[in-house]
Amino acid sequence: MIVIQIVDWRSYLLRSDIKKHTSFKLPTDIAASPKLFHLSVEAKWLWISLIAMSTQANKNGSIEQTLDCLEVFTGVNKK
């Protein structure tokens, strides 16, 4: 089991007063964002998946998961 902590997780929330989130904010410049530009398409998808999982879990941006489960959930293979 690994724990992943999304830094500045609250900045991705649409509203901080909701207990059960069904969506999150995603920058419209994600394809060419200077912060993510160096990442592959797979890595960007992994990042989006991790934000979605942390938002759904609603544990202040923390995700507890096995690498095998992350691979199944995200479709990104371990390397």
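What share of the contacts in the chain with a separation of 6 or more comes from residues 24 or more positions apart? The share is 61%. Keep in mind during the tour that this is a predicted model.

Start with the whole chain, coloured by secondary structure. Along the principal axes, the C-alpha atoms fill a box of roughly 40 × 30 × 20 Å.

Next, select the loop between β1 (2-5) and α1 (41-57), and in that loop show the side chain of Tyr-12. Tyr-12 is buried, because its relative accessible area of 16% is under the 20% cut-off.

Then select helix α1 and show Trp-47, 35 residues away from Tyr-12. Trp-47 counts as partly exposed, with a relative accessibility of 23%.

Display both rings together. Their centres lie 6.1 Å apart and their planes meet at 75 degrees; an angle over 60 counts as edge-to-face, so Tyr-12 and Trp-47 form an edge-to-face pair. A search of the whole structure finds this one aromatic pair, and the pair links distant parts of the chain.

Now switch to the surface. The accessible surface of the chain is about 5800 Å², and carbon and sulfur atoms hold 59% of that area. Of the 79 residues, 29% count as buried.

Finally, colour the charged side chains. There are 10 positive and 7 negative ones, and the centres of the two sets are 6 Å apart.

Definitions and conventions: Residues are numbered from 1 along each chain as its sequence is written. This is a predicted model: local features need pLDDT of at least 70, side-chain atom pairs count only at pLDDT 80 or more; totals for chains, interfaces and linings use all residues. Side-chain values use heavy atoms; hydrogens and water are left out. Rings of Phe, Tyr and Trp (its six-membered ring) pair if their centres lie within 6.5 Å; planes under 30 degrees apart count as stacked, over 60 as edge-to-face and the rest as tilted. Helices (H or I, at least four residues) and strands (E, at least two) are DSSP runs, numbered from the N terminus. Buried means under 20% relative accessible area, exposed over 50%, partly exposed in between (1.4 Å probe, protein chains only). Contact means heavy atoms within 4.5 Å. Accessible areas come from the Shrake-Rupley method with a 1.4 Å probe; for residues, only the protein chains shown count as cover. Lys and Arg count as positive and Asp and Glu as negative; His and the chain ends are not counted. The place of a charge is taken as NZ of Lys, CZ of Arg, CG of Asp or CD of Glu.
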